[in-house]
Amino acid sequence: MIFPFPPRFCIAKTNVYDIHNLEMYIKEILLKEEEKHQLTYIGLVDDWTKVVRTAEKSFVSPQGSFADNKELLLTMFYSSTLCYEKFIREERDGNTRLKQHHFKKTAAYLTSLRKEKKAALDEELKTPQRISFAWHFSFSLYENIYESFCRDDSPIKRPPDTDKFFFNKVEELYPLDMKQLTEQLENDDASFWELCARYMQSLSRTTVAFALQRSNTYGFSDLIKDQTWTDVYRLMRVRLVDRVGRIPVFGNGNDFRNFLIKACKLTAVALQRQYAQKGACMEDLPEHHESLPTNEDYENDMPEDELCVPDINTANPYEVASAVSIVLLNTEHPLYKSLTEGIEDKVRILVDKAVNNMSYQDIISEKYYEDSLREADFQKAVVKARKDYERVRKTLCERMRQLVERKMQAGVTNPTSVT
């Protein structure tokens, strides 16, 4: 969609640049705009070469500073050539690429904010370096912001105006506090639950090692470590999403962390007894945490066991799939590379679809974000992604079976007790 410039204007007898340099100047400025704002990708420009050629023919810079000339060029470019404001008004409700583009830009801006300031929630949760609840940007939260963008009536003349709208919104919203985190978990925000799973893995690893050390028992320690966090994860979903049982209330991040520590400790002890065939059952979580060890006891992660394949029944598809899920949710898991090597792209599709709840169209749009696929090529990529999703699940389960079977053939098993 291209609109002609109005009649030539601002023609000065003496220009700062000769005509050759002026053409180079216009190309460079507009190319940077394309790179920064992805004008072709979002559908604002159909023919980039034609747009640049039109700008070169129509614009003559007046005598003035470089900054003034650039500002004048961009004003004409977005108002007359591209009609940016009209495009936004008409396209923002249904243009998925425009929506995805600003999701990425806003997420990048939020990352820069995280580097500038600390968040009380992350301090309270003592989150690992790569995990942040306070600055986590889920698509669910973005949906709310984008809906307000579609309803907004303020002037939007150029892309920086659009950026400013989104950036201001996240500055108002972030950093998140415990109340906001709880709301996202209760609303079953898949992205926050994925982050919560990673956090539970880290916290559970320390808590289980500590609990087994205190009890001086280490039987099935690797299996207990993996199963503990998954059991606690399911418990948390039953409480917060399904609203079944005693619903915990978290005043701050410390309450949330202490609740998880207690849950992991009780679960690990119960599992150890179960595997040792002592017939104990895990009691329901208590309301108070007076018997909970202090945070200092869990400050530093204890060493992990050496790479160990879980003891599972390979004839049981559910056990195999569960073991695969445990590994995929933790990219630092010792078995992650063995399971995903050579099929990383397909695994990403699986995680995006199953965990992040993305459609195949969204997955392909994100994958080819910087490319402009024809509609036919886009649909082919969607079909291929759907097939890859089905195939990779079978491949991952088969690899897990092979790992377990090789371990059994080698005669390596987890001891039921340590003397």
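Does Gln 100 count as buried or exposed, and at what relative accessibility? In this predicted model, Gln 100 counts as buried because its relative accessibility is 5%, where buried means under 20% relative accessible area and exposed over 50%, with partly exposed in between (1.4 Å probe, protein chains only). Gln 100 lies in helix α5 and touches Tyr 41, Phe 139 and Glu 366, not counting residues up to four places away in sequence; contact means heavy atoms within 4.5 Å.

The model is predicted, so local features need pLDDT of at least 70 and side-chain atom pairs count only at pLDDT 80 or more, while totals for chains, interfaces and linings use all residues. Residues are numbered from 1 along each chain as its sequence is written, and side-chain values use heavy atoms, with hydrogens and water left out.

The axes of α5 and α8 come within 10 Å and cross at roughly 50 degrees, which makes α5 oblique to α8; angles under 35 degrees count as roughly parallel, over 145 as roughly antiparallel, 65 to 115 as roughly perpendicular and the rest as oblique. The residues that make this contact are listed here.

| Helix | Residues in the contact |
|---|---|
| α5 | His 102, Lys 105, Thr 106, Tyr 109, Leu 110, Leu 113 |
| α8 | Thr 162, Asp 163, Phe 166, Phe 167, Val 170, Glu 171 |

These contact residues of α5 and α8 divide into six nonpolar, three polar and three charged.

In helix α4 (residues 84-91), Tyr 84, Phe 87 and Ile 88 are buried, and they lie on the same side of α4 because they cover an arc of only 95 degrees around the axis. The buried residues of α4 pack against α3, α5, α7 and α8.

Note on methods:
Axes are lines fitted to C-alpha atoms, for helices over the stretch in contact, and angles run from 0 to 180 degrees between N-to-C directions. Helices (H or I, at least four residues) and strands (E, at least two) are DSSP runs, numbered from the N terminus. Ala, Val, Leu, Ile, Met, Phe, Trp, Tyr, Cys and Pro count as nonpolar, Asp, Glu, Lys and Arg as charged, and the others, Gly among them, as polar. The arc is that of the directions from the helix axis to the C-beta atoms.
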